[in-house]
Amino acid sequence: MAIKVTAPGLATTVQDLGRPGYYHLGIPVSGAMDRFALGAANLLVGNPEGAAGLECVFMGPELEFTSAATVAVAGAELAPKVSGSPRATWTSFAVKAGDTVSFDFLKSGARAYVAISGGIDVPVVLGSRSTYPLGALGGHKGRALQARDELALGAANGARAGRTVPADLRPTVGKPAELRVLPGLYWHRVTDEAGRDFFADTWKVAPEADRIGYRFRGGRPLQFVPRQQPFGAGSDPSNIVDACYPYGSIQVPGGTEPIVLHRDAVSGGGYFMIGTVISADMDLIGQLQPHTEVRFVAVDMAGALKARHEYEARFAKVRSALAG
């Protein structure tokens, strides 16, 4: 069983839930930027939540199926078509041998996840099938898909067409989008006024937004507390002695444009971190289009843990709705 890539889309990669455990060696977690969407798509087609699927950015691929399968698309509103006939997102549908799955224009969101019964069967590298393009690691030949690629599928188990994720369980993006932030270890580097401005301002997603990091523009530049340059740190006030970067941390080079580090980010460097986007909101970042308005919202640890619990509870409801 296999699928043939007749058109690759803009930046389509094989992703699962990532390869934790190697960040200290400089190998990022990788995996789906919207884990909720990938997990839901997999459940729709009877796969384990962490099975490998396709992450499609802004534009979907065109795939020819050599055998019958069950498919689901979740995340961005990038409606699929089976040999030209429209299908709904967040709902599983059947394809026959010889069918071609293509996609309509993007209506909302940024990344759609295509799950296929049996999962994408590429080699496991460091415990994951996820693609890390910058390191040419994992996925299909360590890169985004290209025309004429062929992807093997695993054995399907429990696939059924017609399953759907209830509308009230599908995540949505607010206007403006809100990203909750736990202020970081280097908060003391900015003035009190700059800290207030950072959370008061409305920012916009910059075009330079990818799997490594999302850049934001439009807010007031940060003002730094005067200091004597530490030994080993750069001369810019935003520089620190090299430190580890948590997943989701926000660095602000030069104090001008915040960058939220995402799934393929480096694990350390010499820029201070004003805070960290909480885990419950990292999926949302992956669905933000360029020029989307965003507000950063300060939370404490209790608020971050409460948000994680609510995120897990929402997915548990999806799991329950699709059980059996």
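**Figure 1. The loop that holds K141.** K141 lies in the loop between strand β10 (108–116) and strand β11 (150–152). The model shown in this and the following views is predicted. Is K141 buried or exposed? K141 is exposed, since its relative accessible area is 64%, and residues over 50% count as exposed. The backbone of K141 has a phi near 60°, which is a positive value in a residue other than glycine. In sequence, K141 and A74 are 67 residues apart; in space, their C-alpha atoms are 25 Å apart.

Figure 2. Strand β10 is mostly covered, with eight of its nine residues buried. Strand β3 (residues 53–57) pairs with β10 in the antiparallel sense, over four bridges. Along this pairing, C56 stands opposite A112 of β10, and V57 stands opposite R111 of β10. Strand β5 (residues 69–77) also pairs with β10 in the antiparallel sense, here over six bridges. A74, the residue whose distance from K141 is given in Figure 1, has Y113 of β10 as its bridge partner. Strands of a sheet pair through backbone hydrogen bonds, either parallel or antiparallel.

**Figure 3. The open sheet around β10.** In which order do the strands of this open sheet stand? The five strands follow the order β2-β3-β10-β5-β8, and their pairing is antiparallel. The edges are formed by β2 (13–15) and β8 (93–95); each has a single partner strand, so one side of each is left without a neighbour in the sheet. Neighbouring strands of this sheet are turned against each other by 35° on average, direction ignored. In a regular strand the side chains alternate between the two faces of the sheet.

**Figure 4. Two backbone details in loops.** S83 is placed in the loop between β6 (80–82) and β7 (85–86). Its phi is near 50°, a positive value in a residue other than glycine. The second detail is a cis peptide bond, which joins K175 and P176 and has an omega of about -5°. P176 belongs to the loop between β11 and β12.

**Figure 5. The barrel of seven strands.** Seven strands close into a barrel with mixed pairing, in the order β12-β19-β16-β17-β14-β13-β20. From one strand to the next, the twist averages 40°. Strand β13 (residues 203–209) and strand β14 (residues 213–217) are paired in the antiparallel sense over three bridges. Within that pair, V205 has F216 of β14 as its bridge partner. How do β12 and β20 run, parallel or antiparallel? The strands β12 and β20 run parallel and are joined by five bridges; L179 has F296 of β20 as its bridge partner. By contrast, β13 and β20 run antiparallel, with two bridges between them. The bridge partner of W203 in β20 is V294.

Figure 6. Which residues of α2 are buried? They are A194, G195, D197, F198 and F199. These buried residues pack against β12, β13, β16, β19 and β20. An α-helix has 3.6 residues a turn, so residues three or four places apart point the same way.

**Figure 7. Helix α1 beside helix α4.** Helix α1 (residues 35–44) and helix α4 (residues 301–322) pack at an angle of about 15°, and their axes are 10 Å apart. This angle makes α1 roughly parallel to α4, because angles under 35 degrees count as roughly parallel. The crossing of α1 past α4 is right-handed. On the α1 side, the residues that meet α4 are R35, F36, G39, A40, L43 and L44. On the α4 side, they are Y311, R314, F315, V318, R319 and L322. The residues of this contact between α1 and α4 divide into eight nonpolar, one polar and three charged.

Note on methods:
Residues numbered from 1 in each chain as written. Predicted model: local features only at pLDDT ≥ 70, side-chain atom pairs only at ≥ 80, totals over all residues. Heavy atoms only, no water. Axes fitted to C-alpha atoms, helices over the stretch in contact; angles between N-to-C directions. Parallel < 35°, antiparallel > 145°, perpendicular 65-115°, else oblique. Left-handed = near helix turned anticlockwise from the far one by under 90°. Contact = heavy atoms within 4.5 Å. Nonpolar A, V, L, I, M, F, W, Y, C, P; charged D, E, K, R; others polar. Pairing = 2+ DSSP bridges. Buried < 20%, exposed > 50% of the residue type's maximum accessible area, 1.4 Å probe, protein only.
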